[in-house]
Amino acid sequence: MTRTTAADVKQDYSERERARLTALLEALPTAAALFRADGFAVAVNSRARSMFVVDAVAPLGAQHWNVMLQPFGQPLVDAIRFTLAGRQADTLLLPFGRDGRHADVRVNIFDHDLVLISAVDVTVREQERAKAAGAERELRTLFDLTPSSIRVADVTGRLQQVNDIAVRDHPDRAPTTVRMLWELDAPHDVVNNRPLSFLDTPAMRALSGQVVRGQLLEVRRLGSRRVVEAHASPMHGDDGKIMGVLLLDRDVTDRQQLEGMLREREGEQQQLREQVSHDEQTLERLVEERSRALLAVQEEQVRERRLSAVGQLAAGVMHDVNNALNPIMAAAYLLRHHAESPDAVRDYADRIRKAAEIGAATASRVGRFIRQEPVHPGGDVEVDLSVLADEVLDLTEPMRLQRSSESREVRIVRMFADGAITRGLPGEIREALLNLVQNAIDAMPEGGTLTVRTSVDDRDVCIAVRDTGVGMSADVRERAFEPFFTTKGSKGSGLGLAEVYGIARRHRGTATISSVPGRGTEVVLRLPRQQGATPEPVPEEPAPVQPRRILVVEDHDDGREFLRRILQGDGHDVVAVASCAEARQALAQQEAAPFELMLTDVGLPDGNGWDLVRSTKASFPALRIGVITGWEPHVGTERTDGAEFVLRKPLRAPELKAHIAGGHTPAHSPE
Ligand code: ADP
Ligand code: MG
């Protein structure tokens, strides 16, 4: 602190003078103190005693402002010097003390040489002001941070406050009133699509007391047309009167554009979708058309192949039937010449039967091919693969012999296991084996060895047909089971292995091929084993036959004649007729000796055997009827129409006898 040492400073004040000055200070509403220019106190009022630092013990004249005015700090000292230098200082707002108090402090020259310090505690006022300032700062921040334009107008429409964003709305000319703002904006009502009148502006509506929320307006701002969402609300004073309006405009141009764009996109997408769906439909139609055309072509091809296969089959059938008839013919000739030798007769009889079996198998194959169905539905029996294999090899012997020539010989090896028993349709399995043996022989044009081996394990029985022939390439092996796939040209039908495959599947078994080109092929048929199988008792000769009276209806002379002889041979009383009419006549005249059984053919010259069955059953329910047919029945739809049994041609005598004896069906196998 600087000491004032002015020469004219009055050094001493009498008590009276001090008292008079103190009384003067007491009249002031502030804390006040008078100092000599050298800093020593002359008088203080009571307010000053509580606000300044006054030593109550020491005499006042000994107290210096250095100490007394300490709470106000250096700025006050500076102000005093400033004042003593002859310049008028403003009121100072000075913090004092340590608890954040403030005072308005004035420094004045009093009576030429005294310094008057007066101070008012303005802590409360300052606190309020700080609060207000803080609130305003916050508001300002909000004002400036919000992306909307904010304007505050008073009741006269004069704009009092605008935020930064609002300032930018009209960079060239800042509107000062809501009217001017309206002129500059030139607002257009987006929703109603019309210019907005001044009285309809959000500001004017708010001034009339309405609250406007989100009115969409197109306005001229930032040098272009913008879309804003305008909000306006009146501001009310304590007395409820409208003091002004708050206007808030949010620029939604981007959003609008975005939405517009989205809508457009959506439209485009919709278009695209429609286009795509249209294209898809076109494509679909095209694909469908092409597919249909392709299918038609394929169908045509399949038909052609099938037709050619039928042709081949027919040729094959002709060949096989001729082969079958050949030994029959020969045997018949030989029989005539060796009729006296019972052994020879039996031998020829056996050969004839075997040949007939081959013919029957051929016919059955044709039927199967036509209908693609198994021969004997539901006719499951126990089948011994070894027995069957033996038979097949016997059956194919003529073919083998015929195909063998000087240059080639096919050697047969049989390796048969005991108990290779499965359950199934012997006819089918026989056919499968026939196909395999045929293929094996075909595969050995230079001769070789054909090995047929049966085996048994815990679950399955197997039959393997192996040859030492040409073998199959991988490609051929892949496709060998395919129907119509053949490498034999017009000599093959491509149905053999397909049939083998189907038969294996129908018997819940498998067929597999292993083959080495140039070395040979083995096809293995694996079928479920029939556990603990006991051979079904098939009587060598039927039990003593009970003679019956039987009506035979068969238009084929030889067939009728042979049937009659077989039946008569067993002691039956037989009436044989050749038509439906004759049959009905015979039935009508049977009173004296009624028929116990009628055996009828299906294809008759004057009607269908099945019709005859129905009408006969209706008239004579007790009469048993058996149908003998050369046609292949349909699976599961096999008609009986009241017939007790249906037999297929060629007729096997033991089967027929069993049925006549009482409905028992023996295994479908030649004995
Ligand atoms: P196909 O005998 O009428 O040709 P398959 O279905 O029986 O019809 O046989 C199809 C094809 O499989 C034959 O054309 C032949 O190429 C091949 N194939 C079948 N078995 C044998 C085999 N044992 N050795 C070599 N190739 C065979
Ligand atoms: Mg074949």
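## About the model

The model is predicted, so local features need pLDDT of at least 70 and side-chain atom pairs count only at pLDDT 80 or more, while totals for chains, interfaces and linings use all residues. Residues are numbered from 1 along each chain as its sequence is written, and side-chain values use heavy atoms, leaving out hydrogens and water.

## The sheet

Let's start with an open sheet of five strands, in the order 21-20-22-25-26, with parallel pairing. Strands here are DSSP runs of E with at least two residues, and helices are runs of H or I with at least four, numbered from the N terminus; two strands pair if DSSP finds at least two bridges between them. Strand 21 (573-577) and strand 26 (645-648) are the edge strands, each pairing on one side only. On average, neighbouring strands are turned by 20 degrees against each other, direction ignored.

Strand 22 (residues 597-601) and strand 25 (residues 624-629) run parallel and are joined by five bridges. Leu599 stands opposite Gly626 in strand 25.

## Helices on the sheet

Helix 16 (residues 557-569) packs on the sheet, and its direction makes about 175 degrees with that of strand 21. Angles run from 0 to 180 degrees between N-to-C directions, with axes fitted to C-alpha atoms, for helices over the stretch in contact. Contact means heavy atoms within 4.5 Å. Helix 17 (residues 580-588) also packs here, touching strand 20, strand 21 and strand 22.

## A look at Ile109

Ile109 is found in strand 4 (residues 101-110). Among the residues it touches are Thr83 and Leu84.

How values were computed:
Chains lettered and ligands numbered in written order. Lists of a residue's contacts leave out its neighbours within four places in sequence.
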